[in-house]
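Colleague: Could you show me how to read the aromatic rings and the nonpolar core in a model like this?

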Amino acid sequence: HVQLLESGGGLVQAGGSLRLSCAASGSIFRIKTMGWFRQAPGKQRELVATVTRSGSTNYADSVKGRFTISGDSGKKTTYLQMNSLKPEDTAVYYCNTEVTETNTRDGTYWGQGTQVTVSS
């Protein structure tokens with residue numbers, strides 16, 4: 001089994017910055033991707049950003065130029081630096097990882113979520 005531990009959420013004024021962290025642990029043989037999704041009240045969960053083991057990144061159009069995702073495969077950790085935050089960024093942010101486990105099976109796991117609130 002794989003666990004994801006998130007940290008770094010909170011309350012910030014519009015224009016401010018926050019940095020989210022996510023550490024993976026457990027029966028991981030290889031991390032394939034790590035990423036962040038978010039879900040605002042009354043809305044579906046949506047992709048924010050992902051990073052692959054090779055370092056390739058993908059961003060939602062709404063966060064391009066403001067958010068930066070990075071990953072450390074050795075530490076099994078990913079970070080999301082969020083700058084120029086807007087009230088519409090308010091949501092619960094979930095860490096996600098796709099891994100090959102030590103039993104050779106592939107799995108997808110989610111963190112418990114961390115609240116990000118941006119006040120206007």
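Colleague: Which charged end sits over the ring of W110?

Modeller: A charge sits over a ring if NZ of Lys or CZ of Arg is within 6 Å of the ring centre and within 35 degrees of the ring normal. Here that is R45, 4.7 Å from the centre of the W110 ring. R19 likewise lies over the face of Y79, 4.1 Å from the ring centre. This is a predicted model, where local features need pLDDT of at least 70 and side-chain atom pairs count only at pLDDT 80 or more, while totals for chains, interfaces and linings use all residues. Residues are numbered from 1 along each chain as its sequence is written, and side-chain values use heavy atoms, without hydrogens and water.

Colleague: How many aromatic pairs are there?

Modeller: A pair of aromatic rings is described by the distance of the centres and the angle of the planes. Phe, Tyr and Trp rings (six-membered ring for Trp) pair with centres within 6.5 Å; planes under 30 degrees apart are stacked, over 60 edge-to-face, the rest tilted. The count is 1 aromatic pair. F37 and W110 have ring centres 5.0 Å apart and planes at 70°, so they are edge-to-face.

Colleague: And the core: which residues touch the most other members?

Modeller: In soluble globular proteins, nonpolar side chains tend to be buried together. A nonpolar core joins buried (under 20% relative accessible area, 1.4 Å probe, protein chains only) Ala, Val, Leu, Ile, Met, Phe, Trp, Tyr and Cys through side-chain atoms within 4.5 Å. In the largest one, with 30 residues, they are M34, W36, V48, F67, L80, M82 and Y93.

Conventions:
Buried means under 20% relative accessible area, exposed over 50%, partly exposed in between (1.4 Å probe, protein chains only).
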